[in-house]
Amino acid sequence: MTAPDPSFVSFPTRLAPITVPIALGDRSYDIRIGAGLLDDPATWQGLPRASLATIVSNVTVAPLYAERLAAALAPHYGRVLRIDLPDGEAHKDWQTLDLIFDRLLAEGADRKTVLFALGGGVVGDVTGFAAASYMRGVPFVQVPTTLLAQVDSSVGGKTAINHPRGKNMIGAFYQPLRVLCDLGVLGTLSDRELSAGLAEVIKYGPIADEAFLGWIEDNLAALLARDPRALAHAVRRSCEIKAWVVGQDERESGLRAILNFGHTFGHAIEAGLGYGEWLHGEGVGCGMVMASDLSVRLGLMPPAFLDRMVRIVERARLPVRGPALGADRYLELMRIDKKSEGGEIRFVLIESLGRAVMRPAPDEAVRATLAAHTG
Ligand SMILES: NC(=O)c1ccc[n+]([C@@H]2O[C@H](COP(=O)([O-])OP(=O)(O)OC[C@H]3O[C@@H](n4cnc5c(N)ncnc54)[C@H](O)[C@@H]3O)[C@@H](O)[C@H]2O)c1
Ligand SMILES: O=C(O)C(=O)C[C@@H](O)[C@H](O)[C@H](O)COP(=O)(O)O
Ligand SMILES: [Zn+2]
């Protein structure tokens, strides 16, 4: 007898599937959340049919789930091509993008070819950018397989690759046709990656929903234990908040920047250490502690808020102290951030629970935050 698939063991299919719509005019789409979605024929209804579907995944995720996805797609497409990328943040680059373009061209992919991004945020971001640029745009579907990708990266249409100088520096806004969050696939995720995903879940509390922050605090043990109902609620509420934000400001002319809470510091850590050393979620967790410190330092929030954020980030098994890159290096890396204007760094800060603002901060305050939370 073969060993049971851990995704079926951990996640019973009796969890009712739910749909979170994201309203973007003619680019509107649904985020579907449920257990066993990959194997449900209803999942694929209403997607464009074509002679070729391409599953873009990576060498870790493809052996786990690509066959199931290919079998589900086979009835609807003339041919299902598979592209397995190298795994890891260090491969979110031009070379990997080229791999996709080379294969698509070699296999005769045309403008109707539908790309399916099967993987975490790295696969999703690279595949999305490939979809945005191959023949000036082909349709794509997000099939996120990490918690982080289900609660954040698969939703909202930010696609990108990294540059050695800065995160996500080359990319495009390009929306998927649908997002399919099969909770069952979270059963095979490592504990470290689960915690990384929790960082982005936690983020939604202070920026948009005080009650959700309280719910996360009350349910952190259940989330870490992968309780299906707790994970389902975390994915649903996160997607609702992200859909609400993106629906108002698709291209980050204002409000959407709140989703960057913790990211100015976090991206500096990721780039400063070299991509892949710290996970994105780890950078965000620690970055939220630093941004909370800055919010307190600038008089926006009381000190108890910082204590609360340190506690929740620690309980999620995420780092609360950044690496000792040196304040000058942090400042240099943060100046490249996409929110900077005229060389002035702008931080997402909390001004009351559930409400974020974007503000510049005096260098001395930032240095004090770095002194308190790095090394
Ligand atoms: N576009 C956006 O809005 C957005 C939002 C947040 C993060 N991001 C980006 O997302 C990336 C981080 O995504 P991530 O945390 O998913 O990392 P990731 O894509 O590197 O995946 C994490 C690891 O888990 C493995 N994996 C994925 N699914 C698995 C599964 N079901 N079972 C076992 N292993 C599995 C992957 O192969 C990888 O080794 C960063 O590049 C970040 O910048 C983008
Ligand atoms: O969707 C957004 O907007 C976000 O900022 C979500 C972030 O979690 C994500 O990491 C995003 O890729 C960061 O965006 P960037 O514009 O700072 O690269
Ligand atoms: Zn992020």
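Tutor: Ligand 1 lies between domain 1 (6-188) and domain 2 (197-373), because both domains give residues to the shell around it. Keep in mind as we go that this is a predicted model.

Student: How many residues surround ligand 1, and which are the closest?

Tutor: To read a shell, list the residues around the ligand and then pick out the closest. There are 31 residues around ligand 1, and the closest are Thr-60, Gly-120, Gly-121, Thr-146 and Ser-153.

Student: How does the shell around ligand 1 divide by class?

Tutor: Sort the residues into classes and count. You get 13 polar, 10 nonpolar and 8 charged residues around ligand 1.

Student: What about ligand 2: where does it lie?

Tutor: Ask which domains give residues to the shell. For ligand 2, domain 1 (6-188) and domain 2 (197-373) both do, so ligand 2 lies between them. Its shell includes Asp-152, Lys-158 and Lys-167, and also Glu-200, Arg-256, His-263 and Lys-338. By class, the shell around ligand 2 has 7 charged, 4 polar and 1 nonpolar.

Student: How far apart are the centres of the two domains, and how many residues are in contact across them?

Tutor: The C-alpha centres of domain 1 and domain 2 are 25 Å apart. At the contact, 35 residues of domain 1 meet 28 residues of domain 2. On the domain 1 side, strand S1 (18-22), strand S2 (29-34), H5 and S8 each supply at least two residues. H5 gives the most to that side, with 5 residues. The residues on that side of domain 1 divide into 21 nonpolar, 9 polar and 5 charged.

Student: Can we zoom out? How many helices and strands does the protein chain have?

Tutor: Count the elements, then look at the overall dimensions. The protein chain has 13 helices and 11 strands. Its radius of gyration is 20 Å, close to the 21 Å that the globule rule gives for 375 residues, so the chain is as compact as a globular protein of that length. Along its principal axes, the C-alpha trace spans about 60 × 40 × 40 Å.

Student: What share of the residues is buried?

Tutor: Of the 375 residues of the protein chain, 48% count as buried. Taking contacts between residues at least 6 apart in sequence, 74% join residues at least 24 apart.

Student: Is Glu-200 buried or exposed?

Tutor: Count its neighbours; 20 or more within 10 Å make a residue buried. Glu-200 has 28 C-beta neighbours inside 10 Å, so it counts as buried. Glu-200 sits in helix H6. Leaving aside neighbours within four places in sequence, Glu-200 is in contact with Leu-148, Val-151, Asp-152, Gly-281 and Val-284.

Student: And His-263, buried or exposed?

Tutor: His-263 counts as buried because it has 26 C-beta neighbours inside 10 Å. You'll find His-263 in helix H9 (residues 263-273). Not counting residues up to four places away in sequence, His-263 touches Val-284 and Gly-287.

Student: What is the phi of Arg-136?

Tutor: Here we turn to backbone angles. Arg-136 has a positive phi of about 65 degrees although it is not a glycine. Arg-136 is in the loop between H4 and strand S6 (140-144). With 7 C-beta neighbours inside 10 Å, Arg-136 counts as exposed.

Student: What about the phi of Asn-168?

Tutor: Asn-168 also isn't a glycine, and its phi is positive, near 55 degrees. Asn-168 is found in strand S8. Because it has 20 C-beta neighbours inside 10 Å, Asn-168 counts as buried.

Key: Residues are numbered from 1 along each chain as its sequence is written. Chains are lettered from A and ligands numbered from 1 in the order in which they are written. This is a predicted model: local features need pLDDT of at least 70, side-chain atom pairs count only at pLDDT 80 or more; totals for chains, interfaces and linings use all residues. A residue is near a molecule or strand if its C-beta atom, placed from the backbone, lies within 6 Å of it. Ala, Val, Leu, Ile, Met, Phe, Trp, Tyr, Cys and Pro count as nonpolar, Asp, Glu, Lys and Arg as charged, and the others, Gly among them, as polar. Domain bounds come from an automatic or database domain assignment. Two residues are in contact if their C-beta atoms, placed from the backbone, lie within 7 Å. Helices (H or I, at least four residues) and strands (E, at least two) are DSSP runs, numbered from the N terminus. The radius of gyration is taken over C-alpha atoms; the globule rule is 2.2 Å times the number of residues to the power 0.38. A residue is buried if 20 or more other C-beta atoms lie within 10 Å of its own, exposed if 12 or fewer, and partly exposed in between; C-beta atoms are placed from the backbone.
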